[in-house]
Amino acid sequence: MTEQPRHSGRRPLVLAGLLVVCYAVAGIGGWASADAGEVYGNLNRPTWAPPGWLFGPVWTVLYGTIAVAAWIVLRSPGSAPRVAMAWWSAQLALNLAWTPLFFAAGEYGLAFADICLLLAAVVATIVGFSRTSRGAALLLVPYALWVAFASALNLSIWLANT
C-alpha cells in the first residue's frame, strides 16, 4: 500500500481556489474595462492585430493553464515552490494591472511598461516552475508567447495612437 500525502484530499479544493483567483483577475479586468471592445475598435492598429473577439477565448484558456500550472507545482511532493509561487503571484498582479491601464486609463505607455514587466515575471515563473515540474513550466509557454505578442501589439498601438 502506498502512502498518500497528508493533504491529498484537499487537492481539488486547491485547484478550485487557483482557478477562482485566476478567473477573478479576468473578471476584475473585464469590469475595469467594460468598453474594451469599443476602445480597441477605435484604435489605430497594425494590420496584424487580431480581431477583438479573439481575446476572450484566448484568455479563458490561458487563465486556466495558469491555474493548473500552479496547482501542479503546489502538489509536487517535497517541493518548496515559494520563490516560484511569488513570481506566479507577481505575474498575476501585473496581468491584473494591464487591462485598466490600457483600456480604462488609455495609458498605452504605462501599459507597455507593465506588460514588459509581466513578460519578465512570466519567464521567471516558467524558470521557477521548471525546477519542480517540467509539465507545469510547459503549460505557461503559450501564455509567455501570447504576452510577447501582446507586448508587440501594445507597443505598436502606443506608437500609432500618440
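This is a predicted model: local features need pLDDT of at least 70, side-chain atom pairs count only at pLDDT 80 or more; totals for chains, interfaces and linings use all residues.
Q: At what angle do helix α5 and helix α7 pack?
A: Helices here are DSSP runs (H or I, at least four residues), numbered from the N terminus. Axes are lines fitted to C-alpha atoms over the stretch in contact, and angles run from 0 to 180 degrees between N-to-C directions. Helix α5 (residues 108–130) and helix α7 (residues 141–160) pack at about 165 degrees, with axes 9 Å apart. That makes α5 roughly antiparallel to α7 (over 145 degrees; under 35 is roughly parallel, 65 to 115 roughly perpendicular and the rest oblique).

Q: Which residues make that contact?
A: Contact means heavy atoms within 4.5 Å. On the α5 side, the residues include F112, I115, L118 and L119, and on the α7 side they include Y143, V147, N154 and W158. By class, this contact has 16 nonpolar, 3 polar and no charged residues. As for the classes, Ala, Val, Leu, Ile, Met, Phe, Trp, Tyr, Cys and Pro count as nonpolar, Asp, Glu, Lys and Arg as charged, and the others, Gly among them, as polar.

Q: And how does helix α4 sit against α7?
A: The axes of α4 (residues 82–104) and α7 come within 14 Å and cross at roughly 30 degrees. That makes α4 roughly parallel to α7. Q91, N95, W98 and F102 of α4 meet Y143, N154 and I157 of α7.

Q: Is N95 buried or exposed?
A: Buried means under 20% relative accessible area, exposed over 50%, and partly exposed in between (1.4 Å probe, protein chains only). N95, in helix α4, has 5% relative accessibility, so N95 counts as buried. Leaving out residues up to four places away in sequence, N95 touches V25, W59, Y63, L118 and Y143.

Q: How many disulfides does a search find?
A: A disulfide is a covalent bond between the sulfur atoms of two cysteines. The test is a pair of cysteine sulfur atoms within 2.5 Å, and a search of the whole structure finds 0. C22 is buried, at 0% relative accessible area, while C116 counts as partly exposed at 33%.

Key: Residues are numbered from 1 along each chain as its sequence is written. Side-chain values use heavy atoms; hydrogens and water are left out. Helices (H or I, at least four residues) and strands (E, at least two) are DSSP runs, numbered from the N terminus.
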